[in-house]
Amino acid sequence: MPAASILRIKVGQQAAFQRYWQVPDQRRSLPVSGSALDEAKHELLALVRDSLRMRLRADVPVALELSGGLDSSTLVALAPECADHPLTAYTIRYPQHAQWDETPFATQVAQKHGVEQRFIDPPMESFWQEANAFVYLAEEPFHNPNLHIQQKIWMQMRQDGYRVL
C-alpha cells in the first residue's frame, strides 16, 4: 500500500487507493537551536525513559512489540536500561511480501540491545473468515486490517504468558 494512503473497498466497485497526506514542499524551520535544542533532546529522552520505567515495573513477564520502525526501535533500545528483568520483543514478519517486511531492521535492534525476539507470521489467509468475529469483539467496524493483526500479536503474547505490554 502506498504511504499515507487508504484503500477504499465498496461492494460492486473496484478497490481504489486514496492519498490523505503528502510531504509538504517546504519544511517549517524550528525556532530552537544550539543549547535550547540540546536541552529539549535531553528532556525528551528523560521523559521517554521515565515512561518506560513506569510501564516496565511489573511482577509478571513483560513483552514489547518491535516492528523495526523508529518508534518501537527507540523503545526497545532504551527498555533494557529501564527494566530489571529480561525482555522479549515480538515482531510480525511478512516473508512472502518483502516490501512490507521490516524483520531485518527489527532483528538488528533486538540483537544490539540484548532483547529476545519472537516472530509472528500474520494470518493473511484467515483474515476474511475472522473479520466478522473481530468486528463483533471491537463493537464497531474497523478501518485498518492491522488492528486484526494486532489482536493476533496480543493473543500470541498472552498464550506465551505475557500480561503486560
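User: Which residues count as being in contact here?

Analyst: Contact means heavy atoms within 4.5 Å. In this protein, among contacts between residues at least 6 apart in sequence, 61% join residues at least 24 apart. A word on the source: this is a predicted model, where local features need pLDDT of at least 70, side-chain atom pairs count only at pLDDT 80 or more, and totals for chains, interfaces and linings use all residues. Residues are numbered from 1 along each chain as its sequence is written, and side-chain values use heavy atoms, with hydrogens and water left out.

User: What span should helix α5 have?

Analyst: The expected span of a helix is 1.5 Å times one less than its number of residues. Helix α5 covers residues 146-159, and its 14 residues should span 20 Å; the end C-alpha atoms are 20 Å apart, which agrees.

User: Which residues of α5 are buried?

Analyst: Buried means under 20% relative accessible area, exposed over 50%, and partly exposed in between (1.4 Å probe, protein chains only). In α5, the buried residues are His148, Ile149, Gln151, Ile153 and Met157. Their cover includes β3 (63-65), β4 (88-92), β5 (116-120) and α4 (127-138). Across the protein, buried residues make up 27% of the 165 residues.

User: Is Thr107 buried or exposed?

Analyst: Thr107 is buried, with a relative accessible area of 18%. Thr107 sits in helix α3 (residues 103-112) and touches Gln117 and Phe119, leaving aside residues up to four places away in sequence.

User: What should I look for in phi values?

Analyst: Most residues other than glycine have a negative phi. Here, Ala4 has a positive phi, near 55°. Ala4 lies in the segment before β1 (5-8) and is buried, with a relative accessible area of 17%.

Notes:
Helices (H or I, at least four residues) and strands (E, at least two) are DSSP runs, numbered from the N terminus.
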